[in-house]
Amino acid sequence: MLKLKKVSKFYYSKGMVATGFTKISLDFKIGEFIAITGESGSGKSTLLNVISGLDSYEEGEMYINGLETSHYTEKDYEVYRKKYIGNIFQNFNLIASYTVYQNVELVLLINGYKRSEIKEKVLNIIKDVGLSKYKNTKVSKLSGGQKQRVAIARCLAKETPVIIADEPTGNLDSKSATSILKLLNEISKDKLVIVVTHNYDQVEEYVTRKITMHDGRVIEDINLKEVENNENVETAKYKETTVLNKLRLGIRNTFNIIPKFVLLLFVYMFIVFSVSGTYSSFQKGEYESSKEMYNSYFSSFNANKRILLKKQNNESFNNEDYESISKVSNIDYLLKDDLSYDRDFSVYNDFVYLYGSVSSLDLFDGNLDVGRMPEKDNEVVIYANKNDYQISNMQDEIFNNEFMFDELIDFSNNEHYKVKIVGIKYRQIGYSTNFYVSNNILDKIKNYIYTYDNETSYTYAGRTYTSNFDDYFTSLRPNYNVPKGEAFISVDKTYDCKYSKCINYDFNVISKNKYYSNSLNLKITKEYNKNNFNSLTQLNYDEYNGAVFINPEDFESLFKGENYQASVFVKDDKIVKETESQLKKLGFDTFYILDGVSEDIGTKIIRITKLIVLSILIIVLFFVSYFVIKLILKSRNVYFSTIRMLGSSSKTAKNLLDIELNMISNISYLIFIGLILLSKTNLVNFEYIRDLAEFLTIKEYIIIYVILVLMSYLTSTRYASKLFKKSAMNTIKERV
Ligand code: ADP
Ligand code: MG
């Protein structure tokens, strides 16, 4: 069935030609048990390798079942080995970390057998070679003789018509050697068995034919027993390795050698944590610096959480609007009247001067460091820096004295509005002081702001004056002595009236801002001069002469507007964009305060540098881990050459590696996610991990996963392409 016709094998290396064997012609039949002998270097192994299809030949022809093989490619030889050849080596070539059962099963898994077909078959073969007792023992724990029995069992499982054994007893004591040869003889009945041996005496009683080699030639070929010519050759049955079998082997290889598994897992965990850690610290830096940026129009206080709202149709806000805004899930607090938020106010007494923005007490989280929460309308708490001299050293003066609101004037007595500070919460950064006040005070502040921000003008006797609250000569001022609907003017300003008397003239006031305009129709009822000024207004003439006095209620009505602007504070400022688009859908124009912050060139350069560092880190990490993984996988060389010898294609071998690395990268990813989830439950205190997770969003989780999968895929591809470039024989030889 196997025939060589003047076949020669040469080795070329460094311009030298070495002869493996020359012009060998032999004819082998099924049923033969052939011993090949000869001194070392005579070409025995080379001959067996050529017959096995593990090596090519240069001259002559080799026939298998009458088919010529000289044109065979590596792929053809793969099929050839699968169909015809079972190999047994001097050093066994078993998978040391597999059990006896798994070593035998391996052949069947590679050759596409189903799980249901495998079990009984494997157990029977193990019984045939006398190893039933050891079926679940790792082969690394077996003796040499037992190992060679496993190798024979594996050959039997492959069910090839040819078994080729190159010095199978070379590493065995004589007792084990005899029993191995006996076993080979037993299985040789309907097969062709070729054994190379140094010790012909051991095989003498079994062999049917003896071939002696010398210096690359056959010098003796004796038939010792007649073998009937059996031309009916049964080739091994095999299919492509199934996906299920690959998966089973891949998973087995993953956990097979625990230290290797742990090491690989460690490498992948290292990758996950350093990529996510660097990314998250990068994000954190961005986030921290964005919070400190300065915007000249809006308060920097909580700016990272604040979105400004205006209705798209420019109308004022109503309760329905407030309700729909409050339903947006990421909104923590709605500031209906946010005008006070972007101004700084001063609050002072004889000892202490404080300066900063004003917010509603509703916005205060209630955690005071000193004092208590307000109980009355005029009580306030402050949020102030502990390092401020006044805050740390003058608490007696702060808590026991009334403060005056510089900007707020109580028109009933023309005095500054007074408040009491009852509590302090300390802040670590920022030097301004935030005042948390009752909504009643906030209303007054809003009125004050409108008073300043509106364009106010009044007209009488055909002349229009534009009023400015600060300009005493033209200003319009509230005074409790003026009845509603009336106005008191100075006699100095009556020159446009008939006979310089303006009494009973119409006095029209218009006040408007960007959103609304209010008007009042009053009558001039009194003219004042230096003499009657004080009795009319109760005020000092030198200080206030020139102003127009009207009733405080009339005055306030001029500056009463609905709310045309509001602010919301979000719970999570990392999803502001989503929140903004939700608000837009509800009919509001939005403006995120931090978007109005301009970034200077320095910040930009720092960001770009950080991005470059991050990318370099990922690349370096890839190469470092590739080399570490390669080192760890080095022991895998044996595995891959062995399974190729057993008939696996290089594609299957690569698939196994893919599965293994993928399993490990997925496990590391799951552990990573698990740790993050655990750190969020507060069951354990993984501060580092919690910090890390804070700045990762779904997008980053996906990116990290993709990086991991990509890395394991690239690693296995690179590793496989290096390993499988060599022929099957070279990979085997290299480690022998
Ligand atoms: P044996 O198995 O009988 O001891 P081998 O078949 O291993 O002998 O070697 C036969 C001849 O081929 C020897 O001269 C050896 O030096 C040569 N040879 C074997 N393998 C190679 C190789 N890879 N490169 C060069 N020469 C080789
Ligand atoms: Mg040899």
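Start by selecting Thr241 and Ile110: a polar atom of the Thr241 side chain sits 2.6 Å from the backbone oxygen of Ile110. That is a polar contact, meaning a pair of N or O atoms within 3.5 Å; within protein, one must be able to donate a hydrogen and the other to accept it, and residues adjacent in sequence count only if both atoms are side-chain atoms.

A word on what you have open: this is a predicted model, in which local features need pLDDT of at least 70 and side-chain atom pairs count only at pLDDT 80 or more, while totals for chains, interfaces and linings use all residues. Residues are numbered from 1 along each chain as its sequence is written, chains are lettered from A and ligands numbered from 1 in the order in which they are written, and side-chain values use heavy atoms, with hydrogens and water left out.

Thr241 lies in the loop between strand S10 (217–223) and helix H8 (243–256); helices (H or I, at least four residues) and strands (E, at least two) are DSSP runs, numbered from the N terminus. Leaving aside neighbours within four places in sequence, its contacts (heavy atoms within 4.5 Å) are Leu109, Ile110, Gly112, Lys246 and Thr652. Thr241 counts as buried because its relative accessibility is 9%, where buried means under 20% relative accessible area, exposed over 50%, and partly exposed in between (1.4 Å probe, protein chains only).

Next, select Thr69, in the loop between strand S5 (67–68) and helix H2 (74–84). With 1% relative accessibility, Thr69 is buried too. Its side chain makes a polar contact of 2.8 Å with that of Tyr57. Not counting residues up to four places away in sequence, Thr69 touches Tyr57, Met62, Ile64 and Tyr77.

Now move to ligand 1. Strand S2 (16–28) and helix H1 (44–52) are the elements that give two or more residues to the shell around ligand 1.

For a last stop, select Val620 in helix H18 (residues 601–633). Val620 counts as partly exposed, because its relative accessibility is 45%.
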